[in-house]
Amino acid sequence: MQAMHVVQERRRVQRMKVLKTAKIILNHHSSIYDCTVRNLTNLGACLELGSTNGIPVVFDLTFDSARTCRPCRTIWRTNNKVGVSFE
């Protein structure tokens with residue numbers, strides 16, 4: 001018999017699955033990384049990109065070519081995904 005692993009949901013709000021392009025902005029626009037938003041709420045998001053190397057704990061995220069930016073804080077990361085909360 002196989003053991004079943006249950007992951008406890010810790011989010012306060014259920015996230016909506018999306019497939020939306022966005023940009024991670026670092027150091028006052030000196031570095032920009034393209035990413036894909038995989039899920040989203042008004043409190044945070046899951047971002048997918050080629051590699052999370054070089055992505056700091058705090059950065060800005062834009063959905064509209066930097067006309068508006070959302071300050072983000074990294075909550076978790078894998079090799080190609082970053083979970084963030086909006087500040």
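Biologist: Which residue takes a positive phi in the hairpin of β1 and β2?

Modeller: N27 does, with a phi near 50°, and the hairpin has four residues between its strands. This is a predicted model: local features need pLDDT of at least 70, side-chain atom pairs count only at pLDDT 80 or more, and totals for chains, interfaces and linings use all residues. Residues are numbered from 1 along each chain as its sequence is written, and side-chain values use heavy atoms, with hydrogens and water left out.

Biologist: How many bridges link β1 and β2?

Modeller: Nine, in the antiparallel sense, with β2 covering residues 31-40. Strands are DSSP runs of E with at least two residues, numbered from the N terminus, and two strands pair if DSSP finds at least two bridges between them. K17 stands opposite N39 in β2.

Biologist: And what does β2 do with β3?

Modeller: They pair antiparallel over four bridges and form a hairpin with three residues between them. T36 has E48 in β3 as its bridge partner.

Biologist: In what order do the strands run around the barrel?

Modeller: The closed barrel of six strands runs β1-β2-β3-β6-β5-β4, with antiparallel pairing. β1 (residues 16-26) and β4 (residues 58-62) pair over three bridges, and K23 stands opposite T62 in β4.

Biologist: Changing topic, what percentage of the residues count as buried?

Modeller: Of the 87 residues, 33% do; buried means under 20% relative accessible area with a 1.4 Å probe, protein chains only.

Biologist: How many helices are there?

Modeller: Zero; the protein has six strands.

Notes. Buried < 20%, exposed > 50% of the residue type's maximum accessible area, 1.4 Å probe, protein only.
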